[in-house]
Amino acid sequence: MRIHTITVKGFGPYRDETHVDIDAFAVDGLFLIGGKTGAGKSSLLDALAYGLFGTVPRYGGKADEQVRSRYLEPGEPTEVAVEFSVGSTRYRVWRSPAYQRPKQRGDGFTTQAAQLTLSRRAGDDYEVFETKIGNAERHVQGLIGLTAHQFLQVVLLAQGQFQEFLVAGSEERRALLRTLFRTERFDRYTEAVRERARAAEAEVGAQTAAIDQATATLARHAEVDPPASSEQVDVWIEDLLATRRVIVEETSRRAEAAERAHADAEQQSREVERVISLQRRRADALERRTLLDQRREDIEEQRRAVASAQQAAVAHPAVRAARTATTALEEAERSHRRAAEAAPGLPRDDVESLRLQVVSLTEQIGALTAPAATEHQLPDLEQRSRDARDADQAFSQTVERQRVERRQTDTALSHLAERIAADGDLGARHAEQQAEVERLTARSHAARRAATFREEVAEAERHRLARQEAAHDAEKRLIDLRRRQLDGWASTVAAELSDGEPCPVCGSVEHPSPARPGEDHVDGSAVDQAEIEHQQARDRESEASESLTRLTTALEAAEEEAGASLEELTTLAAEARTEWERRKADLAAHEERQAEAARIRRRLADLDTALLASDRHQAELSEQATAAQITWEKAAAEVAEARGDHPSVADRLRDLRQTSEAAQRLLTAAETLTRRRAEADEAEQALAAALAESPFASAEQVEAALLPAVEVNRLDREVAEHDQARASVESVLAEPELADLPAEPIDSTASRDTYLRTRTAARQSAAEQATAQERLDSLTGQARTLRSLISRSADQLARCETVRDLDEALHGAGANELKMPLETFALAAELDDILGAANGHLARMTTGRYTLHRSADVARRGRGGLDLLVLDAHTDDARTPASLSGGEKFQASLALALGLAEAVTARAGGLRLDTLFIDEGFGSLDPETLEVTMETLDALREGGRVIGLISHVEAMKEQIPAQLRVEVADGGWSRIGTIV
């Protein structure tokens with residue numbers, strides 16, 4: 001991932017648009033962002049973080065009004081754009097935070113919403129593929145493979161922040177590593193295993209309780225005592241089931257014997273019942289035959305009526321058709337007489353002549369339809385002609401008024417142009433006065449900052465004196481302890497003497513009176529602790545001195561920028577603002593006159609356009625008036641010709657339509673009469689033919705023999721049912737089984753009693769056998785369940801022990817020899833990788849003197865293991881990072897930050913970071929150490945990486961030829977000055 005450009009406008013101290021081209025330093029690889037303290041160097045890195053992730057570290061991640069430049073006017077936006085590439089694809093992200101702008105209508109302000117675009121390079125242009133805030137951060141994180149927090153740890157090593165990881169405690173370092181490497185999943189896994197272990201123990205307890213319950217239930221159902229111990233359960237179950245099997249066999253034998261006796265009795269009973277049933281069947285058939293014989297004559301009469309009705313139904317359609325045709329003929333004759341009376345003068349029976357007459361009348365009516373419509377429109381056409389003439393005359397007056405307004409407007413514009421020319425260059429004079437107000441305002445701000453800095457310098461001086469006294473006290477205590485240690489050195493040597501061994505001081509092998517430690521004896525550990533405290537006090541004194549120096553420099557810069565007292569600058573600023581307000585009013589009036597002149601010019605243009613349109617419209621109105629007059633005159637002539645001798649065309653058309661309708665009715669009646677006569681003749685002929693083929697002599701006989709279809713169906717059904725019943729009875733009486741039956745009825749009481757007695761005995765035996773078998777099956781199922789519970793309990797106990805051992809190991813107990821929880825072990829492995837990369841850089845910067853090591857102390861309930869120690873090769877001592885001097889601490893912090901960057905980069909999928917920024921911290925290094933550190937940073941340029949360093953240290957300017965200088969303009973805002 002490589003950063004190409006950073007562009008800001010209205011961001012922090014940068015008022016105007018400022019463009020930083022990182023690619024310009026690609027050849028050198030290492031460049032310096034220099035400038036005075038407070039000039040705005042670190043704000044460029046704030047803009048980079050805000051552009052990519054919408055967050056600014058120094059403001060606690062917030063990015064709203066705090067990033068907006070105080071030099072902006074209301075309504076001016078804040079903008080940040082960053083161009084970067086991942087692989088071969090180049091991207092551009094542009095952001096603008098929400099801000100207050102003046103309302104477009106009315107007074108007051110309104111909030112301009114935050115905006116964002118994320119674009120991808122396509123050819124020579126960028127195409128936008130995301131505009132929603134929130135989505136863009138996820139896109140950027142996915143592209144570069146780092147979260148915002150990781151990006152700040154590995155790309156932007158911000159001022160004063162990259163030492164935190166070195167001196168942090170174990171728990172603070174744990175929290176940071178968890179965030180970077182997402183190892184909380186190990187903690188979740190460990191807790192999940194613990195939950196599984198608890199669940200497994202609960203399941204074992206539940207299984208044991210279930211086994212006891214199942215054993216008691218089986219003993220209760222079997223009506224026996226439970227086994228004395230759990231080891232005897234299997235033998236107890238087998239004995240119990242064997243006893244129950246013997247009972248089932250005995251009941252089965254009794255049930256089989258009873259079932260055979262019942263089958264024999266049932267066979268005898270069924271034979272008796274069969275004979276009785278046949279006797280009843282024969283008696284029923286004889287009784288039904290007698291009843292059928294009694295209805296024989298009625299059935300024959302119904303059979304003859306059905307045959308006659310069926311023959312009449314065949315001839316009846318011809319009778320009905322003849323009568324219908326006669327009725328229709330009579331109606332047609334009456335209609336023809338009425339139509340002839342309504343149309344006198346027309347032929348009555350000549351169909352062809354009537355048809356020709358109707359066609360002629362229809363043609364005359366069609367020819368008069370259009371003239372009749374025109375006659376109806378004549379008043380409207382005359383009115384349109386008059387309206388067109390009136391509109392032409394009225395519009396002529398409108399055109400004249402427009403020409404008068406055009407001349408008046410042109411005169412007004414000439415007078416206003418003279419006033420504008422007399423105003424002169426008000427805009428330039430107003431801009432000069434506005435610049436003066438801004439310069440005085442910026443100097444006033446600087447004077448206020450100077451007052452604040454004076455108070456901070458005084459407080460810093462007091463703080464430095466206090467730290468100096470503390471360092472002096474620590475030094476005196478160290479000297480005192482060393483003196484006391486030397487005074488008691490004899491007792492220390494005496495403690496190591498042994499009989500027969502020579503004294504290291506005098507050489508004697510006899511030690512008659514060895515020295516004893518006094519009350520104020522001091523051992524080496526107390527001196528070592530005093531040395532650490534003395535070094536820490538000196539470090540705090542150095543930090544206080546550096547803070548005082550920075551504040552003093554800032555005070556001098558603010559006083560130099562102000563150039564006068566706050567009271568003088570306030571007075572000058574007020575006077576300049578009053579003059580600016582006066583000129584602002586003059587300029588506003590001048591701008592109003594210019595706006596009025598522009599409005600008049602637009603009005604003149606509108607009038608010219610309107611006059612051209614009016615001339616065209618007047619010509620159109622004249623043409624429309626002439627056309628309307630011609631249309632009206634032509635229509636009047638056409639109507640007069642069509643009217644003829646009638647008062648109007650409508651009257652003539654009405655008379656023709658009445659005559660045509662009467663002729664059409666007479667023609668229709670004549671055609672219908674001819675058709676009905678032919679139909680009546682055909683119907684009479686068909687009736688004669690139908691009677692000749694039937695047994696009837698007349699139509700009246702046919703109608704007398706007719707019966708309703710429902711009645712015919714009923715009679716026919718009764719005849720068929722009678723015939724079928726007779727045949728059925730004869731069939732039953734002819735069956736062979738009924739031929740040799742006893743004449744007297746048989747009694748079935750004895751066989752029935754025997755059957756019922758044997759059935760009861762068989763059912764009781766079967767019930768006893770089923771009950772015995774059911775109890776055996778139930779006990780067998782319970783026994784099977786009990787044995788399954790015992791088997792599963794053994795398996796569950798084995799699994800429970802396995803999960804319990806794993807839980808203890810993951811929590812740092814049991815077989816875990818390191819006594820480290822799983823997550824701590826994973827974090828320690830990550831930290832070891834970081835230290836491995838960091839020590840390579842630290843060895844180069846300290847010429848092999850210092851290396852970083854992880855403490856193996858895990859005594860604090862498994863929560864340790866992440867503390868750091870610094871091994872000094874000169875003394876072979878290991879000490880805490882806090883005991884390092886300011887410069888040594890910077891070198892160790894920088895090496896650790898670089899190692900952290902390499903480890904996080906590797907965890908991000910091997911993503912290569914081609915751009916790196918380091919903000920301040922070089923001022924704590926002496927010249928020799930600074931040179932070694934710079935050589936280490938210079939080695940990082942390998943492979944085309946670009947590294948930007950932010951510092952105000954003068955020695956850095958000599959060592960880094962490629963530089964970008966940040967300057968403060970006269971107005972107080974920052975800008976990019978020289979680029980070397």
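Colleague: Why is Gln112 called partly exposed?

Modeller: The relative accessible area of Gln112 is 21%, and a residue counts as buried under 20%, as exposed over 50% and as partly exposed in between, with a 1.4 Å probe and protein chains only; Gln112 is therefore partly exposed. The model is predicted, so that local features need pLDDT of at least 70 and side-chain atom pairs count only at pLDDT 80 or more, while totals for chains, interfaces and linings use all residues. Numbering starts from 1 along each chain as its sequence is written, and side-chain values use heavy atoms, with hydrogens and water left out.

Colleague: What makes the approach of the Gln112 and Arg101 side chains a polar contact?

Modeller: A polar contact is a pair of N or O atoms within 3.5 Å, where within protein one atom must be able to donate a hydrogen and the other to accept it, and residues adjacent in sequence count only if both atoms are side-chain atoms. The side chains of Gln112 and Arg101 are joined at 2.8 Å, and the pair is accordingly listed as a polar contact. Gln112, which lies in strand E7 (residues 109-112), also has Ala98 and Tyr99 among the residues it touches, when those up to four places away in sequence are not counted; contact here means heavy atoms within 4.5 Å. Strands (E, at least two residues) and helices (H or I, at least four) are DSSP runs, numbered from the N terminus.

Colleague: Why does Ser660 count as buried?

Modeller: Ser660 has 11% relative accessibility and so falls on the buried side of the cut-off. Ser660 is found in helix H14 (residues 649-693) and touches Leu361, Thr362 and Ile365, again leaving out residues up to four places away in sequence.

Colleague: How do you know that strands E4 and E5 are paired?

Modeller: Two strands pair if DSSP finds at least two bridges between them, and seven bridges join E4 (residues 79-86) to E5 (residues 89-96), which run antiparallel. Val86, for example, stands opposite Thr89 in E5.

Colleague: What makes E2 and E9 the edges of their sheet?

Modeller: The open antiparallel sheet has six strands in the order E2-E1-E4-E5-E8-E9, and strands E2 (18-21) and E9 (125-130) each have a single partner strand, so one side of each is left without a neighbour in the sheet. Neighbouring strands are turned by 20 degrees against each other on average, direction ignored. Helix H1 (residues 41-53) lies across E1 (2-9), E2, E4 and E5, running at about 75 degrees to E4, where axes are lines fitted to C-alpha atoms, for helices over the stretch in contact, and angles run from 0 to 180 degrees between N-to-C directions.

Colleague: What makes a set of residues a nonpolar core, and which residues have the most contacts inside the largest one?

Modeller: A nonpolar core is a set of buried Ala, Val, Leu, Ile, Met, Phe, Trp, Tyr and Cys residues joined through side-chain atoms within 4.5 Å. The largest has 45 residues, and those with the most contacts inside it are Met1, Ile3, Leu48, Leu52, Phe84, Ile144 and Phe151. Its largest share, eight residues, comes from H1. A second, separate core of 40 residues includes Leu827, Ile834, Leu842 and Val953.
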